[in-house]
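Hello,

Here is the structure we talked about, handed over for your own work. My notes follow below it.

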Amino acid sequence: MSGSSDALFDYIAEKLASFVDEEEKLYNQPPGKERELGFTFSFPCMQTSINSGTLIRWTKGFSIDDAVGQDVVDELTKALKRKRVDMRVAALVSSFFVQKFCVQVLFSDCLDAFFFCDDDLPQVNDTIGTLAGGKYVNKDVSMAVILGTGSNAAYVERAQAIPKWHGPLPESGDMVINIEWGNFRSSCLPLTEYDHATDVESLNPGEQIFEKIISGMYLGEILRRVLLRMAEEAFFFGDEVPPKLKIAFVLRTPEMSAMHQDTSPDLKRVGETLKSILDVSSTSLKKRRVVVELCNIIATRGARLAAAGILGVLKKMGRDTAKEGGEKTVIAMDGGLYEHYTEYRKSLQNTVAELVGEEHASSIVFEQSIDGSGIGAALLAASHSLYLNQ
């Protein structure tokens with residue numbers, strides 16, 4: 001995704017204008033009150049206040065150079081003015097770091113005190129938005145995971161367990177930790193030659209390694225690279241390598257998911273996908289089965305690694321073993337990969353159950369939070385409304 005900053009934010013403003021036009025049919029804005037917006041911007045920003053943040057870099061295939069180093073709230077505000085949309089950004093829910101900033105959010109009795117603070121690197125991002133939204137609905141939510149184009153996690157920690165925190169403790173005794181686990185890198189990760197090649201040829205080589213083996217942006221690309229290798233060395237698609245198979249990211253994770261979940265006797269969907277995406281005119285049932293098995297291997301690996309990340313957080317929280325009284329640990333899940341890729345979702349849940357053990361598995365609850373980060377952003381915006389006390 002490339003282009004100009006103005007074009008991107010003008011597009012967002014146009015969509016907001018269309019939404020406002022439709023919404024006005026159902027709800028009339030009170031006179032004298034400006035509409036307020038919670039802005040979810042899932043890219044690394046250096047955030048200096050609740051409604052300002054400078055874009056550090058793009059991820060997930062975006063490359064709009066003139067936006068880097070700009071305050072994304074200012075850019076959106078200028079676009080809103082260009083499109084004559086009367087609206088202000090009350091809260092920015094971005095990804096990465098917030099500098100010298102602390103927020104307390106209180107939502108009646110449902111959502112306890114949320115502090116997004118750290119003496120050096122306080123955090124407010126889309127994953128925390130999902131956690132805030134989940135906590136608002138269900139008080140037992142203590143962790144949030146996004147598995148979509150990218151991936152991240154956040155959880156509620158006891159403030160006293162945070163070595164970097166030197167300020168006064170929050171009234172609730174809790175703080176939210178943004179993990180940024182997508183950028184986790186370790187020699188223990190089972191990286192293959194396909195993973196290394198995907199990383200080297202990405203827009204951000206050497207970064208977001210964990211994300212590149214578990215998230216929706218990259219699973220289809222890993223499958224393409226495996227199929228290309230088979231086509232070149234084992235003539236899997238015949239004597240000629242399909243030209244489209246050489247195009248990076250031509251095979252997306254939604255298509256991979258559709259093939260993986262094809263239950264027809266002749267795997268018709270697999271054949272149709274290979275033909276429409278890769279121009280492979282005909283394939284035998286045997287080869288289609290091989291493709292399905294490759295999808296299964298890649299998706300299962302990603303899901304099991306994501307489950308291992310969840311287990312690590314559960315261990316840190318002390319919730320990896322059964323608690324007295326049947327206490328539940330609810331994990332708010334958001335993202336298109338988790339929502340739409342059924343086999344991936346089932347594998348992740350089964351792996352977490354396997355890792356914590358049968359006795360404790362029933363106390364770990366996955367709660368799907370569709371557009372959780374957007375809802376969380378709206379809640380954060382509401383909590384910082386100019387009209388909060390009116």
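Strand β9, residues 329–334, contains Asp334. Please keep in mind that this is a predicted model. The relative accessibility of Asp334 is 9%, under the 20% cut-off, so the residue counts as buried. Leaving aside residues up to four places away in sequence, Asp334 touches Thr130, Val145, Ile146 and Leu147, and also Ser369, Ile370, Asp371, Gly372 and Ser373. Between Asp334 and Ile277 there are 28 Å in space, C-alpha to C-alpha, and the two are 57 residues apart in sequence.

The other item is a pair of helices. Helix α1 covers residues 5–23, which is 19 residues. From first C-alpha to last, α1 reaches 27 Å, close to the 27 Å expected at 1.5 Å a residue. Its buried residues are Ser5, Leu8, Phe9, Asp10, Ala13, Leu16 and Val20.

How do α1 and α2 cross? Helix α2 spans residues 72–82, and its axis comes within 8 Å of that of α1, at a crossing angle of roughly 60°. The two helices are therefore oblique to each other, and the crossing is right-handed. On the α1 side the contact is made by Ser5, Asp6, Phe9, Asp10, Ile12, Ala13 and Leu16. On the α2 side, Val72, Glu75, Leu76, Ala79, Leu80 and Arg82 take part. By type, the residues of this contact are eight nonpolar, four charged and one polar.

Regards

Note on methods. Residues are numbered from 1 along each chain as its sequence is written. This is a predicted model: local features need pLDDT of at least 70, side-chain atom pairs count only at pLDDT 80 or more; totals for chains, interfaces and linings use all residues. Side-chain values use heavy atoms; hydrogens and water are left out. Helices (H or I, at least four residues) and strands (E, at least two) are DSSP runs, numbered from the N terminus. The expected span of a helix is 1.5 Å times one less than its number of residues. Buried means under 20% relative accessible area, exposed over 50%, partly exposed in between (1.4 Å probe, protein chains only). Axes are lines fitted to C-alpha atoms, for helices over the stretch in contact, and angles run from 0 to 180 degrees between N-to-C directions. Angles under 35 degrees count as roughly parallel, over 145 as roughly antiparallel, 65 to 115 as roughly perpendicular and the rest as oblique. A crossing is left-handed if the near helix is turned anticlockwise from the far one by less than a right angle, and right-handed if clockwise. Contact means heavy atoms within 4.5 Å. Ala, Val, Leu, Ile, Met, Phe, Trp, Tyr, Cys and Pro count as nonpolar, Asp, Glu, Lys and Arg as charged, and the others, Gly among them, as polar.
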